[in-house]
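This report goes through the backbone, the salt bridges and the ligand site of one protein model. The sequence and structure come first.

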Amino acid sequence: MDNRTVLPEVETFLKDSPKKMLIDGKWVESLSGNTFPTYDPATEKILALVYEARKEDVDRAVNAARQAFEHGTWARISPSDRSKLMMRLADLMETHAEELAQIESLDNGKPLHAAKSSDVPASIELFRYMAGWATKIEGNTIPFSLASPNRYLAYTLKEPIGVVGQIIPWNYPLLMASWKLAPALATGCTVILKPAEQTPLTALRLGELIVEAGFPEGVVNILPGFGEPAGAAIANHCGIDKVAFTGSTEVGKSIVRAAVGNLKKLTLELGGKSPNIIFADADLDKAIGEAANAAFINSGQNCCAGSRLFIEKKIYEELTKAITQQAKELRVGSGFDTNSQIGPLISAEQLQRVSSYVQSGIRQGAEVGCGGVRIGEKGYFFAPTLLTNVHAQMKVYQEEIFGPVVCALPFDAEKEEDLIKMANETIYGLAAGIWTRDISKAHRLAAKIKAGTVWINCYNVDDPALPFGGYKQSGWGREMGHEVLENYLQTKSVCVQL
Ligand code: ADP
């Protein structure tokens with residue numbers, strides 16, 4: 001049942017509209033006074049109005065973040081106190097977990113139970129994991145190779161990179177905000193975070209909790225706004241030392257160009273078109289269910305969606321049929337309907353984009369095994385779709401659709417090199433799945449697939465400790481794990497003649 005019953009706190013939060021932005025520890029209106037609506041994609045109704053950040057607001061936030069970084073209490077805070085603040089924030093998120101999950105489900109459309117069981121706890125855990133690192137950031141002492149011993153004392157310091165701009169997408173709004181904020185805060189940076197214009201609400205609620213946790217003013221600034229002008233203003237701002245971006249490869253490239261002015265450091269987590277490979281010797285029952293999940297979870301709006309499904313020839317017919325059946329049984333509906341497994345797409349624009357990809361596939365000769373159409377007339381629901389008769393020249397095979405659409409293709413297990421070539425023949429390299437009981441084959445393939453993450457006999461498994469990021473045009477740098485910290489640190493070598 002979808003009765004849209006929300007917690008009183010959520011109701012109050014939504015009623016307090018237009019929602020202000022967080023700059024220098026205060027909730028403020030945009031300087032222009034402009035606002036924009038954010039919608040519930042299940043009902044197409046406006047949830048709230050939000051003040052729209054533009055360049056002049058970004059300027060204000062950069063000044064606040066710079067002041068906090070260079071001169072504020074944040075500049076003098078001990079790592080232990082930074083860690084405690086992050087732990088306090090995680091505790092507050094836990095206290096308000098239901099509320100965060102409801103806001104996320106309303107704003108993004110995803111099933112409430114998914115927000116509750118995955119997005120929110122994973123975000124909390126990420127803050128806790130990164131809080132642990134705040135006190136463990138160390139340089140080295142360096143023995144020289146050219147000078148005689150004891151001639152020089154040399155060591156490295158790891159210093160925070162400074163003021164960081166973070167631009168995030170709408171598919172996992174709270175989780176992406178957490179992936180970005182937590183390492184920046186652990187390392188001592190200050191932040192200007194721009195949530196996606198489609199889903200600004202959980203980032204704003206998180207901002208309230210950040211203030212409540214006691215982070216000093218200016219450390220985290222949250223500015224909802226559009227790619228142009230707000231995102232672009234962050235990307236080319238000379239007062240920003242580093243930008244971390246998650247989104248499409250196309251926008252990622254425009255950020256690279258915009259960042260040239262002051263050569264700011266960049267990390268990019270971009271698109272994917274990930275191969276999911278099922279061999280006949282796999283645990284097929286598990287592989288079938290997980291292949292459907294890999295493709296359709298979060299309505300396929302997932303950068304590591306297993307959107308190219310390679311199935312060994314001799315089980316191709318049987319598995320395509322079984323996965324089609326699974327796809328048909330998935331219950332598509334409002335996130336607040338407890339039966340829903342798949343929510344709506346994020347927007348009318350996304351619905352149009354996904355539909356036109358499917359149409360282009362059909363024009364190029366693909367066959368629709370299931371789905372391929374919008375469901376209903378209200379809300380941006382799209383049926384889980386499986387395409388067969390696909391070939392490598394099709395747009396549906398090469399390009400990221402960001403919707404519940406999977407292309408199924410057969411492969412010959414005797415020709416491993418051909419399979420590897422197929423797995424690697426897109427511009428992307430974010431993730432891959434391999435399903436087999438043959439461990440040698442699994443590891444052989446894992447080594448040859450050009451992807452930042454390879455899942456063997458599982459898919460979409462993340463952990464705060466496991467680095468995540470892309471090969472090729474799927475991005476630069478890694479998020480999570482201790483590797484992410486390097487993105488927010490710079491190394492200073494200090495050399496003393498003794
Ligand atoms: P998607 O295709 O998933 O919507 P985008 O790459 O368009 O992803 O958007 C991801 C984030 O990038 C959003 O916060 C969006 O506002 C922002 N963005 C879009 N265009 C630009 C741009 N030119 N410069 C900076 N940020 C942008």
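Helices and strands are named here from DSSP runs, numbered from the N terminus; a helix is a run of H or I with at least four residues, and a strand is a run of E with at least two. With these names, Pro 18 is placed in the loop between α1 (8-15) and β1 (21-23). The model is a predicted one.

**Backbone**

Pro 18 is joined to Ser 17 by a cis peptide bond, with omega about 0°. A cis peptide bond also joins Glu 228 and Pro 229, where omega is about 5°. Pro 229 belongs to helix α9. Asn 389 is a residue other than glycine with a positive phi, near 55°. Its place is the loop between β16 (385-388) and α14 (395-398).

**Salt bridges**

The count of salt bridges, taking a side-chain nitrogen of Lys or Arg within 4 Å of a carboxyl oxygen of Asp or Glu, comes to 27. One of them is formed by the side chains of Glu 44 and Lys 378, at 3.9 Å from N to O. Glu 44 sits in the loop between β3 (35-40) and β4 (45-51), and Lys 378 in the loop between β14 (374-375) and β15 (381-382), so this pair ties together parts that are 334 residues apart in sequence.

**Ligand site**

| Residue | Protein atom | Ligand atom | Distance |
|---|---|---|---|
| Lys 194 | side-chain N or O | oxygen | 2.8 Å |
| Gly 227 | polar backbone atom | oxygen | 3.2 Å |
| Ala 232 | backbone N or O | nitrogen | 3.5 Å |

Taken alone, the ligand exposes 550 Å², and the protein buries 82% of that area.

Technical notes
Residues are numbered from 1 along each chain as its sequence is written. This is a predicted model: local features need pLDDT of at least 70, side-chain atom pairs count only at pLDDT 80 or more; totals for chains, interfaces and linings use all residues. Side-chain values use heavy atoms; hydrogens and water are left out. A polar contact is a pair of N or O atoms within 3.5 Å; within protein, one must be able to donate a hydrogen and the other to accept it, and residues adjacent in sequence count only if both atoms are side-chain atoms. Accessible areas come from the Shrake-Rupley method with a 1.4 Å probe; for residues, only the protein chains shown count as cover.
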